[in-house]
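Welcome! Have the sequence and the 3D view open, and try each exercise before you read its solution.

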Amino acid sequence: MKKKLAVMLAMLLIPATILGCGNSSKSEEKSGAKYVFLDETLGVESYAIGFRVGEEELAEQVSGAVQALVLDGTYEKIGEKYPDIKDYLCLKADGIDESKLPAKGSGDSSYTFKHGFDLDYPPYSYRQDDGTVGGFDVELCQAVCEYLGWGYEAVPFNWDAKDMELNAKSCDCIWSGFTKEGREDDYTWGITYSNNTQGILVPADSDIKTLADLKGKIVGVQTATSAYDMLEDSKKDLADTFAELKVYETYTVAYNDLKAGAIDAIAIDMTAGSFLIADDNK
Amino acid sequence: MSFSTMLSTMGEGMLRTCAIFFLTVLFSLPLGLVIMFLRRSRFFIVRTITKLYIAIMRGTPLMLQLLMWYFGPYYLFGMNIRGYRFAAIIIGFSMNYAAYFAEIYRGGMETIPQGQYEAAEVLGYSKAQTFFKIILPQVVKAILPSVTNEIITLVKDTSLAFTLAYNEMFSLAKQIAASQTSFVPFVVAGVFYFVANYAVAFIMERIEKRFDYYK
């Protein structure tokens, strides 16, 4: 019986090693970009912090603290750690009126701020190399809590259940590369801290060079993302020219399909897309 | 991320997966017995309500049921649901699986000929004695393969707990796959499920053999 089990295990582990090796050797042997974004984009969106409707006071306090962190350089310093995001951070120190911001440590020290986010969304919020929870949004939110003197609690939720979690008060905000456009009235919005562009990702040797070239092609997108919303709404005309718009649960699977040649392009925001292709483009 | 970090991170998730699994088995097996009795009750009302319960539990997705159990108290009664997450998951899983187990038990009970009850009565057995000494041992023998099926399904269903933001093993695999842009976590997850189910099948086979005393 033991022997049988061992053989079975070994058989299962073989594909694991092949997959593991395959990934690393691929990125080593080729240099230069293998996947690129089209110059034409789908549009720009802003990432902001979403609060329950009516919680203006909390939104203002958190937004004020974010601005204070821009002034003291923490915002930029966190950004340095995430090269894929750096160019999309839109807050600048000039123009911020320091007198209107909450003072350091002015928050209620017995209060714990519950940060709701998706752990499938690098580099804003994701599981890091050492297995811990991190990302730009997580670090910025922690810095905000530290500044105000609040406790911090991570609530990594299921993205599909985000509104239920927020309304049931399991978390106090949705802060996870959360797009404001199209949701203006659904939340009380905090400050916009990052801009992002929705683009089209294709293999470097692809004959697709413009959005018009996507006619008759298969394009992949992740469900419940801004790219998906755009293709269903404002960019519906473009989506109608595709042979098929393939909707995935996660971009990881879509990207593997692109690598395997099963689809021709992926509609994705630039930061998440850059993160996705970083290993293969080394 | 090194392979060992991946394993240790997913290892935590495996413990959480096992917690759901063992607690659900612990609660749903006996609860299924209770539901089976209610389902076979002499009273029409009790029978009908139980039938409806089983129909709902089997007829709706477990994912929806989990959302109902967790968010229901808040939306219906405005209750504070802080710290209730894990309990909701166990309640959701146990209530769902108990409905399936009840029907499996009932199937086993139906195979016992009426003559055995009559014979037991003639021999002076009480109702409880008849059930525990004569009926139950035969029923257990008959239903074990179906129960094994259901338990194996449960191992794989634990991944649904992520609906309620519970970071069990498969959700960790998805997170690591997203951050590492790699398929390896899914292979590790597959190996884990396979080994776990192999163990379940092995243990159940042993139990079946122990009940094979007439051969």
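**Exercise 1.** What should the 27 residues of H8(B) span at 1.5 Å a residue, and how far apart are its end C-alpha atoms?

*Solution.* Before we start, note that this is a predicted model, in which local features need pLDDT of at least 70, side-chain atom pairs count only at pLDDT 80 or more, and totals for chains, interfaces and linings use all residues. Residues are numbered from 1 along each chain as its sequence is written, while chains are lettered from A and ligands numbered from 1 in the order in which they are written.

Step 1: helices are DSSP runs of H or I with at least four residues, strands are runs of E with at least two, and both are numbered from the N terminus. Step 2: the expected span is 1.5 Å times one less than the number of residues. Step 3: for H8(B) that should be 39 Å, and the end C-alpha atoms are 39 Å apart, which agrees.

**Exercise 2.** Find which residues of H1(B) meet which residues of H7(B), and at what angle the two helices pack.

*Solution.* Step 1: the contact rule asks for C-beta atoms, placed from the backbone, within 7 Å. Step 2: on the H1(B) side are Met6(B), Thr9(B), Met10(B), Gly13(B), Met14(B) and Thr17(B), and they meet Met169(B), Leu172(B), Ala173(B) and Ile176(B) of H7(B). Step 3: sorted by type, these residues are seven nonpolar, three polar and no charged. Here Ala, Val, Leu, Ile, Met, Phe, Trp, Tyr, Cys and Pro count as nonpolar, Asp, Glu, Lys and Arg as charged, and the others, Gly among them, as polar. Step 4: the angle is about 150 degrees, with the axes 7 Å apart. Angles over 145 degrees count as roughly antiparallel, so H1(B) and H7(B) are roughly antiparallel to each other.

**Exercise 3.** Describe the side of chain B that touches chain A.

*Solution.* Step 1: count the partners: 28 residues of chain B are in contact with 32 residues of chain A. Step 2: locate the helices; H1 (3–39), H3 (62–77), H7 (169–180) and H8 (184–210) of chain B each supply at least two residues of this side. Step 3: H8(B) gives the most, with seven residues. Step 4: by type, the side has 17 nonpolar, 10 polar and one charged.

**Exercise 4.** Which residues of H8(B) are buried?

*Solution.* Step 1: a residue is buried if 20 or more other C-beta atoms lie within 10 Å of its own. Step 2: in H8(B), Val184(B), Pro185(B), Val187(B), Val188(B) and Ala189(B) are buried. Step 3: turn to chain A, where 40% of the 282 residues count as buried.

Conventions. Axes are lines fitted to C-alpha atoms, for helices over the stretch in contact, and angles run from 0 to 180 degrees between N-to-C directions. Angles under 35 degrees count as roughly parallel, over 145 as roughly antiparallel, 65 to 115 as roughly perpendicular and the rest as oblique. A residue is buried if 20 or more other C-beta atoms lie within 10 Å of its own, exposed if 12 or fewer, and partly exposed in between; C-beta atoms are placed from the backbone.
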